[in-house]
Amino acid sequence: MSADAAAVSAAVADAHRREWAFTLAATVRVTRDLDLAEECVQDAYARALTAWRDGIPDRPGAWLTTTARRRALDVLRRDVLFRRAMPELVVDEAESAPDPADGFPDDRLRLICTCCHPALNRDAQVALTLRLVCGLSTADVARAFLVSEATMAARITRAKKKIATARIPYRVPSTDDLAPRVEAVLAVVYLIFSTGHTAPRGSDLVRAELVERALDLCRMLRALLPEDPDAAGLLALLLLTDARRETRLDASGALALLRDQDRSAWDRAAIAEGIALVREALRARPAGRYALQAAIAAVHAAAPSWDDTDWQEIVGLYDVLLQRWPSPVVALNRAVAVGFAFGPEHGLAALDALGAEPHLAGYGYLAAARADFLRRLDRTGEARLAYEEALLLTENEVERRFLQQRLVELA
Amino acid sequence: MAKYLILLYDNESEWVGVQNEKTERMFAGHRAFGEKYGEAILGGHALQPVATATTVRPDGAGGLDVTDGPFAETKEALGGFYLVEAPDLDAAIEMAKQVPIAAASGGNEVRPIMVFE
């Protein structure tokens with residue numbers, strides 16, 4: 001059965017999102033070279049645009065993998081003297097468990113573990129994950145992180161070169177090393193999500209492409225590591241946070257705080273899925289960082305309105321989270337929750353206790369939170385100063401407009 | 001198999017000419033490392049203190065200057081090295097973890113050896 005061009009390109013785009021990681025991971029095993037594997041997989045997608053006009057395959061991933069691996073074998077055979085600038089990738093010969101549907105070994109965990117190897121710095125881990133696991137172009141990765149394409153290309157090339165030259169193996173780490181590696185992988189996914197959820201700079205509040213890639217990655221990890229409570233916790237956190245995406249801007253495009261969001265427009269399916277995952281993740285003892293963050297998001301998601309929010313429960317969860325993960329940013333969020341649970345003067349005192357924290361110097365949200373409590377306490381002059389400080393430290397245009405509006409209201 | 005150099009950066013005042021419980025533990029650790037990895041260790045030495053170092057560098061006029069001191073003056077100096085053989089970086093890192101690292105040390109750096117074909 002033939003398919004029209006529009007249906008074919010839609011199917012190819014869909015397969016690009018769903019099957020890229022599987023196809024590339026299976027092809028790397030054949031090529032033992034990341035660049036050649038990428039070329040072969042890209043070639044397979046290009047061929048699909050024509051070949052699938054005769055009928056879209058039932059299992060696009062199997063078709064793409066077969067095509068990419070065949071192409072790789074052709075290149076390697078034709079060019080017996082095939083020499084890359086880089087040495088051959090070290091591939092652990094142990095077979096991965098085959099995918100039940102098509103019998104190809106599922107090497108996706110191997111691929112993402114290699115991208116997030118501790119010998120690579122975090123920026124390189126993020127760039128490689130987006131490029132190799134998500135299949136984003138270098139230009140797209142560069143745009144997402146607001147750096148030039150040349151800078152991003154250099155970063156990716158350097159990381160690939162280190163993998164080959166230092167012999168970072170293409171392997172899922174042994175049992176002893178797996179837990180810290182999974183932690184690194186989840187941290188990379190969380191960083192991709194956070195960068196998309198509130199862009200650090202620029203005119204858009206949300207970078208939807210990054211948010212969606214992070215969700216895809218997290219779903220993939222959840223499927224690959226079904227027993228891992230942190231993977232469940234992170235997926236819960238991303239779903240519950242992203243469920244509010246459509247309501248974070250009002251009709252005029254201005255920032256809408258949690259208090260003012262239209263809760264009837266929150267994504268109820270995502271919330272239901274997230275809450276089920278939180279329950280599962282919280283069964284681990286001690287509860288992990290992501291599970292606790294997700295539990296806090298779940299309390300908000302379950303509250304019928306801002307005024308009906310169980311702030312004492314939220315403060316209690318932040319107390320546990322702070323023990324588990326003593327981060328200044330968590331302490332800041334806890335202080336804000338204290339203000340809503342017990343009154344702005346208590347919130348302000350908790351915030352002021354963090355004033356000397358060096359990691360929060362230059363953190364715009366601290367000044368913004370102080371400004372809000374000062375405003376509620378009618379300490380207008382101090383509130384103005386705090387909003388001005390927050391403005392100096394905020395580079396996202398949507399957030400800046402919000403802070404400027406508050407300043408106008410105080411005048 | 002590949003070769004890696006494990007470079008040991010430390011604060012030499014902690015161990016050069018010092019004999020105490022800490023240095024004894026350190027030397028015992030090196031002996032244990034040697035026994036554990038045997039033939040995978042292709043070589044290795046502790047270095048004399050930085051005060052004994054001499055540097056030869058271009059004098060900018062086409063000749064060479066010989067000067068007292070190390071190439072770079074830092075608190076943590078290269079104090080020794082091992083040349084090891086390992087199948088991949090994970091194995092080399094595992095070896096570097098087994099080389100004693102003093103609490104005040106600069107750490108053990110793992111560098112792949114360049115191969116010219």
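Tutor: Two residues are in contact if their C-beta atoms, placed from the backbone, lie within 7 Å. The model is predicted, so local features need pLDDT of at least 70 and side-chain atom pairs count only at pLDDT 80 or more, whereas totals for chains, interfaces and linings use all residues. Residues are numbered from 1 along each chain as its sequence is written, while chains are lettered from A and ligands numbered from 1 in the order in which they are written.

Student: How many residues does chain A bring to the contact with chain B?

Tutor: The two chains contribute separate sets of residues to this contact. Chain B supplies five residues, and the number from chain A is seven.

Student: In what order do the elements of chain B run from the N terminus?

Tutor: Helices (H or I, at least four residues) and strands (E, at least two) are DSSP runs, numbered from the N terminus. Chain B holds two helices and six strands, and its C-alpha atoms fill a box of roughly 50 × 45 × 20 Å along the principal axes. Read from the N terminus, the order is β-α-β-β-β-β-α-β.

Student: Which residue of β6(B) is the bridge partner of Leu7(B)?

Tutor: Strands pair if DSSP finds at least two bridges between them. Strand β1 (residues 2–10) of chain B is joined antiparallel to β5 (residues 77–86) by nine bridges, with Tyr9(B) opposite Leu78(B). β1(B) also pairs with β6 (residues 107–112) of chain B, in the antiparallel sense, over six bridges. There, the partner of Leu7(B) is Glu109(B).

Student: What share of the 117 residues of chain B counts as buried?

Tutor: A residue is buried with 20 or more other C-beta atoms within 10 Å of its own, exposed with 12 or fewer, and partly exposed in between. In helix α2 (residues 89–98) of chain B, the buried residues are Leu89(B), Asp90(B), Ala92(B), Ile93(B), Met95(B) and Ala96(B). Their cover includes β1, α1 (21–37), β5 and β6 of chain B. Over the 117 residues of chain B, the buried share is 20%.

Student: Is Met220(A) buried or exposed?

Tutor: Met220(A) lies in helix α9 (residues 208–224) of chain A. Beyond four places in sequence, this residue touches Ala21(A) and Arg108(A); the C-alpha atoms of Met220(A) and Ala21(A), 199 residues apart along the chain, are separated by 9.5 Å. Because 20 other C-beta atoms lie within 10 Å, Met220(A) is buried.

Student: What arc do the buried residues of α13(A) cover around the axis?

Tutor: The buried residues of helix α13(A) are Ile314(A), Val315(A), Leu317(A), Tyr318(A) and Leu321(A). They are on the same side of α13(A), because their arc, taken from the directions from the helix axis to the C-beta atoms, is only 160°.

Student: Which helices do these buried residues of α13(A) pack against?

Tutor: The buried set of α13(A) has its packing partners within chain A. These are α12 (289–302) and α14 (328–342).
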